[in-house]
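Welcome! Let us take a friendly look at how some side chains pair up in the structure shown here.

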Amino acid sequence: MAKLVLNVALPAFKYEAMYAGAAKNLVASSLDGRKVQLPLSAFQSFVTHQGIHGLFEVEFDNRNKLVGVTKLR
């Protein structure tokens, strides 16, 4: 299984765009420079009043399908 580490800093007002239907995906660069597009819903459990902030490990299966997201810090 492949893993990427992302540093995410998404303010609350941008996350709210998902509920309005304007945004469905999070596009971010991994620490090693690869770009990834993930469903914003995968980060729903990490949303605070400030938005989504932290270092996350994203795991994919052999078909590059999202398996899970873990907050590292």
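What follows covers aromatic pairs and then salt bridges.

This is a predicted model, in which local features need pLDDT of at least 70 and side-chain atom pairs count only at pLDDT 80 or more, while totals for chains, interfaces and linings use all residues. Residues are numbered from 1 along each chain as its sequence is written, and side-chain values use heavy atoms, with hydrogens and water left out.

**Aromatic pairs**

A pair of aromatic rings is described by the distance of the centres and the angle of the planes. Here, rings of Phe, Tyr and Trp (its six-membered ring) pair if their centres lie within 6.5 Å; planes under 30 degrees apart count as stacked, over 60 as edge-to-face and the rest as tilted. By this rule there are two aromatic pairs.

In one of them, the ring centres of Phe 43 and Phe 56 are 5.4 Å apart and the planes stand at 85 degrees, so this pair is edge-to-face. Phe 43 sits in the loop between strand E3 (35-39) and strand E4 (51-60), whereas Phe 56 belongs to strand E4, so the pair links distant parts of the chain, 13 residues apart. Strands (E, at least two residues) are DSSP runs, numbered from the N terminus.

Phe 43 has 0% relative accessibility and so counts as buried (under 20% relative accessible area; exposed is over 50% and partly exposed in between, with a 1.4 Å probe and protein chains only). Phe 56 is also at 0% and counts as buried.

Phe 46 and Phe 56 have their ring centres 5.0 Å apart and their planes at 65 degrees, so they too are edge-to-face. Because Phe 46 lies in the loop between E3 and E4 and Phe 56 in strand E4, this pair ties together parts 10 residues apart in sequence. Both Phe 46 and Phe 56 are buried.

**Salt bridges**

Side chains of opposite charge can pair when their charged atoms come close. A salt bridge is a side-chain nitrogen of Lys or Arg within 4 Å of a carboxyl oxygen of Asp or Glu, and two are counted by this rule.

| Salt bridge | Closest N and O atoms |
|---|---|
| Lys 3 and Glu 57 | 3.9 Å |
| Asp 32 and Arg 34 | 2.7 Å |

Lys 3 lies in strand E1 (residues 2-11) and Glu 57 in strand E4, so their pair ties together parts 54 residues apart in sequence. Lys 3 counts as partly exposed at 45% relative accessibility, and Glu 57 counts as partly exposed at 23%. Arg 34 is partly exposed, at 45% relative accessibility.

Notes
Helices (H or I, at least four residues) and strands (E, at least two) are DSSP runs, numbered from the N terminus.
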